[in-house]
Amino acid sequence: MINVLSGVWALLLGIVLIMLGNGMHFTLIGLRGGIEGFSSTALAVVTSGYFVGFLSGARLTPLMIQRVGHVRVFAALGSFMSAALIALPLLTEPWAWTLLRVLVGFCMSGIYVAAESWLNAAATNETRGKVLSAYMIAQTLGIIGAQGLLTLGDAGTSVLFICASILVSVSFAPILLSAAAVPVVDVAKPMPLRDLFNGSPLGTVGIFLLGSVYATQSGMGAVFGTKIGLSARQISLFIAMLFAGALVMQYPIGWMSDRMDRRKLIFGLSVLGAAACLLGWVTDGGIWALMFAAFFAGGVTTPLYALLLAYTNDSLSASDMPAASGGLVFTFGLGAIAGPLVTGWAMQNLEPGAFWLVIGVTFVAIALYALYRMTQRAIAPVDETDSYLNVLPTASPVAIEAAGEWAIENAEAEREAKAEVA
């Protein structure tokens with residue numbers, strides 16, 4: 001593993017720094033929005049704005065890279081993102097924040113496309129799985145670490161926003177100084193949603209619903225904490241627990257995924273997520289019960305995304321996966337835009353605890369649809385499925401396509417090895 005990381009450590013360091021800055025700003029939106037008196041509905045629109053930009057960036061950035069190259073696009077997006085983060089405390093109006101968040105989301109999506117292209121080019125077929133796993137860990141650790149940095153300042157001032165901007169700006173140095181030239185990124189045209197649904201109904205519906213869950217957790221979690229009166233430290237810990245659960249639970253879930261019917265595992269994890277949301281809903285603000293609920297509700301979300309991708313891989317041919325990658329990112333983005341809007345409306349018109357209610361109902365919907373699909377399609381033999389690989393919901397089509405190729409190649413290699421032993 002050390003040999004693998006020796007060639008990409010600078011890229012991973014840059015990713016950690018980017019996620020420190022981006023993770024800080026996600027939570028700062030909820031904290032500062034509460035100080036400014038923004039409603040849950042207004043902050044939901046601001047949150048969805050990020051994912052509107054993110055979805056647009058995933059479609060447009062590859063075209064920009066083809067025209068002017070990775071380095072120029074990466075540097076330009078980094079500059080715009082850094083400027084937007086500084087502008088947030090200067091323009092404390094919901095409409096301005098929404099526009100700035102669209103810009104930040106667009107920039108982050110493009111940064112992912114460029115960074116993941118470099119990582120993919122730096123990996124070989126033998127090391128790609130380890131490189132992508134290290135990339136996932138680096139991102140998650142960056143988000144968790146960002147919550148600790150938030151305790152060092154006051155969200156009511158501009159200091160923390162400036163710190164987030166500095167981290168993003170500094171992050172580009174190790175990436176740009178270490179990145180070698182790579183071929184022009186070539187992302188396949190996304191598969192139409194109808195074709196994607198026909199090929200993998202559970203994968204398509206599950207990814208859409210999970211987009212709603214992920215965006216609500218990451219974007220509205222701090223809003224929920226503010227509305228129920230948690231302190232800034234408690235809110236930071238709450239957000240950290242959402243992502244810490246994913247980091248801890250990813251490996252055991254991946255291990256089970258390669259050894260059982262993935263639909264049953266999707267059903268079980270969705271039920272666990274719904275149960276955690278129920279605990280969060282009825283706990284009435286008890287801090288440790290909230291943290292426990294966050295750990296498991298967030299802990300199943302990211303693994304479920306990778307699990308649904310693996311299940312979709314099993315349902316489609318290898319030639320369809322490049323187009324399916326773009327289709328899945330688009331489907332996830334649609335859910336990510338809708339989820340915060342629904343949750344914000346519910347929190348505004350019912351109670352702040354509707355945060356848990358909406359996420360819990362969405363988990364139940366995934367579980368019920370997985371149960372239904374078990375009655376519609378025969379189980380695929382475990383030894384004929386592709387391998388599971390950790391992929392974050394924020395991954396671009398570049399990483400998802402690379403992960404899909406690795407999953408197919410790794411599964412074939414394992415089958416060949418078993419055949420030789422037999």
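## Packing of H11 and H14

Helix H11 (residues 262-282) packs against helix H14 (residues 354-374) at an angle of about 160°, and their axes lie 8 Å apart. H11 is therefore roughly antiparallel to H14, a term applied to angles over 145 degrees. Axes are lines fitted to C-alpha atoms, for helices over the stretch in contact, with angles running from 0 to 180 degrees between N-to-C directions. Helices are DSSP runs (H or I, at least four residues), and strands are likewise DSSP runs (E, at least two), numbered from the N terminus.

The crossing of H11 and H14 is left-handed, meaning that the near helix is turned anticlockwise from the far one by less than a right angle. Residues of H11 in the contact include Arg263, Phe267, Cys277 and Trp281, and those of H14 include Trp356, Phe363, Ala367 and Met374. Contact means heavy atoms within 4.5 Å.

## Basis of the model

The model is predicted: local features need pLDDT of at least 70, side-chain atom pairs count only at pLDDT 80 or more, and totals for chains, interfaces and linings use all residues. Residues are numbered from 1 along each chain as its sequence is written, and side-chain values use heavy atoms, with hydrogens and water left out.

## Salt bridges

Two salt bridges are found in a search of the whole structure; the term denotes a side-chain nitrogen of Lys or Arg within 4 Å of a carboxyl oxygen of Asp or Glu. One of them joins the side chains of arginine 32 and glutamate 36, at 3.0 Å from N to O. These residues are four positions apart in helix H2 (residues 9-36), so about one helical turn separates them. Arginine 32 is buried at a relative accessible area of 7%, whereas glutamate 36, at 32%, is partly exposed. Buried means under 20% relative accessible area and exposed over 50%, with partly exposed in between (1.4 Å probe, protein chains only).

The side chains of aspartate 261 and arginine 263 also form a salt bridge, at 3.2 Å from N to O. Both aspartate 261 and arginine 263 are buried.

## Cysteines and the chain overall

The structure contains zero disulfides (pairs of cysteine sulfur atoms within 2.5 Å). Cysteine 107 is buried at 1% relative accessibility, and cysteine 277 is buried at 1%.

The chain has 15 helices and zero strands. Of its 422 residues, 58% count as buried. Among contacts in the chain with a separation of 6 or more, 87% are between residues 24 or more positions apart.

Conventions
Parallel < 35°, antiparallel > 145°, perpendicular 65-115°, else oblique.
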